[in-house]
Amino acid sequence: MKDCNRVWINVNLATFDPSLPDAYGIHTMCALGILDGRIACIQPMSSVTATSLPFDVIDGHNGWLTPGLIDCHTHLVFAGNRANEFEQRQQGKSYQEIARQGGGILSTVRATRVRSKEQLIKSSLPRLQALVSEGVTTIEIKSGYGLNLPDEIKMLEVARELGKRVPVRVKTTLLAAHALPPEFAGRPNDYIDLVCKEIIPAVAEQGLADAVDVFSETIGFDLEQSERVFRAALAHNLPIKGHTEQLSLTRSSSLAASLGALSCDHLEYLDEAGAINMAESGTVAVLLPGAFYYLRGNKKPPIELLRRFKVPMAVASDVNPGSSPMASIRLMMNMSCILFQLSAAEAVAGATREAAKALGMIEDIGTIEVGKIADLCLWDTMHPNELPYELGQSPLLQRIIGGEIVYE
Ligand code: NIG
Ligand code: FE
């Protein structure tokens with residue numbers, strides 16, 4: 001401990017270390033030491049003496065440390081809002097009908113294309129701050145409201161810039177195959193050509209994306225088109241993930257899994273064969289209860305199947321203006337329990353360890369283990385099961401990134 005840069009004493013740990021027997025991976029009454037931004041040692045308080053501690057000691061007063069929260073699926077960067085469509089949906093129109101009539105994703109595309117980077121940063125910052133204030137230390141941000149090369153690049157640059165202005169790790173995902181832009185109406189294959197031959201190569205060349213995503217759906221892109229995008233991404237060494245089987249059974253999850261996708265997200269219509277294929281490829285199931293709730297879904301993702309085949313389940317906000325206008329990861333943890341019957345431990349693991357897997361970052365973050373980066377949250381709770389339980393007030397005491405306490 002003496003060699004550590006900093007030590008937290010009197011803390012309980014929910015490590016989510018999978019080698020520990022209980023679901024939370026609990027160690028009570030510990031000291032946790034940091035060296036060079038990584039977790040260097042974990043010791044019971046009973047073995048800690050005043051002389052064994054370095055100069056920088058923080059008393060956790062019996063609070064709980066968890067891994068920093070990770071929101072692994074967001075559309076955080078966009079302009080405008082879709083409150084008018086919210087009203088139309090209250091009058092009985094469906095999300096799909098609104099999309100087919102040129103609203104939905106395309107209305108946000110119109111708003112986003114005409115905004116400058118600085119304007120997009122300004123409209124996206126409050127959403128990021130809301131997530132961060134709840135304990136998010138890593139966030140994934142997708143493009144997908146540009147749908148042409150300059151505007152997709154603009155969105156990815158905004159996402160990267162947000163990670164410089166706010167202390168949070170940002171992972172970016174290219175989602176050029178989110179919807180068919182109006183200038184390609186009736187020519188989806190030509191647009192997919194553009195995505196595969198121009199957008200993916202340029203974005204890869206500029207190092208602007210950490211992964212590539214596709215909206216594989218009846219109102220998105222079909223299996224063949226999705227496969228072309230996935231293969232183009234892989235050819236440029238970019239990992240893939242998919243919006244799959246949100247609104248219908250398309251087998252897109254099996255397609256993505258067969259190509260080694262990091263995650264398949266939504267999954268309301270996933271069937272047993274799809275779950276088996278995901279298990280075999282180690283693909284994470286990202287549950288998005290906000291979109292299910294907001295679209296008044298009547299088919300839940302097959303949680304029992306996912307459990308049976310041991311598919312890791314992450315939980316994310318999907319924050320976006322159309323299907324999940326809710327910048328709250330704690331609300332999503334709660335909804336995953338209430339709407340999808342996850343246990344509290346599964347919900348917290350879903351926004352930490354399993355979310356890290358969905359981003360390909362499990363070697364570095366997502367659990368509290370010696371050697372991992374010290375991205376942590378300190379909570380004023382009696383137990384970590386309070387995180388998905390109570391909403392509205394925040395028990396967050398400290399948000400810690402790379403061993404440094406950051407408040408913003
Ligand atoms: O994850 N399904 C497609 N994409 C988003 C919705 C985006 C929007 O409606 O603007 C989703 O639900
Ligand atoms: Fe999404």
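Two strands count as paired here if DSSP finds at least two bridges between them. With that settled, let me go through this structure, which is a predicted model.

Eight strands form an open sheet, and their order is E5-E6-E7-E8-E9-E10-E11-E12, with parallel pairing. The edges are taken by strand E5, residues 69-71, and by E12; each has a single partner strand, so one side of each has no neighbour in the sheet. Going from one strand to the next, the twist averages 25°.

E9 covers residues 240-244, and four bridges pair it with E10 in the parallel sense. If you want a point to look for on the screen, find Thr-244, which stands opposite His-266 in E10.

Next is E10 itself, residues 263-266, which runs parallel to E11 and is joined to it by three bridges. Here the landmark is Ser-263, whose bridge partner in E11 is Val-284. How does the chain get from E10 to E11? It crosses through helix H9, residues 272-281, and this β-α-β crossover is right-handed.

On to E11, residues 284-287. In general, side chains in a regular strand alternate between the two faces of the sheet. Which residues of E11 lie on which side, and are they buried or exposed? Val-284 and Val-286 are on one side, Ala-285 and Leu-287 are on the other, and all of them are buried, which leaves both faces of the strand covered.

From E11 we reach strand E12, residues 313-315; the two pair in the parallel sense over three bridges.

H5 lies across strand E6, residues 136-142, and strand E7, residues 169-177, and runs at about 170° to E7.

Now the domains. The protein chain is divided into two parts: domain 1 is made of 6-67 plus 367-406, and domain 2 spans 69-358. Their centres, taken over C-alpha atoms, are separated by 31 Å. Where they meet, 20 residues of domain 1 are in contact with 18 residues of domain 2. Which elements of domain 1 give two or more residues to that side? They are strand E4, 57-67, and strand E14, 396-401. E14 gives the most, with three residues. By type, the residues on the side of domain 1 that touches domain 2 divide into 14 nonpolar, four polar and two charged.

Finally, two backbone details. Asn-62 is found in strand E4. Its phi is near 70°, a positive value in a residue other than glycine. Is Asn-62 buried or exposed? Asn-62 is exposed, with 12 other C-beta atoms within 10 Å.

The other detail is Lys-310, in the loop between helix H11, 303-308, and E12. Phi of Lys-310 is also positive, near 60°, and this residue too is not a glycine. With 11 C-beta neighbours inside 10 Å, Lys-310 counts as exposed.

Note on methods. Residues numbered from 1 in each chain as written. Chains lettered and ligands numbered in written order. Predicted model: local features only at pLDDT ≥ 70, side-chain atom pairs only at ≥ 80, totals over all residues. Buried ≥ 20, exposed ≤ 12 C-beta atoms within 10 Å, placed from the backbone. Right-handed = clockwise from strand over helix to strand, strands pointing away. Axes fitted to C-alpha atoms, helices over the stretch in contact; angles between N-to-C directions. Contact = placed C-beta atoms within 7 Å. Domains from an automatic or database assignment. Nonpolar A, V, L, I, M, F, W, Y, C, P; charged D, E, K, R; others polar.
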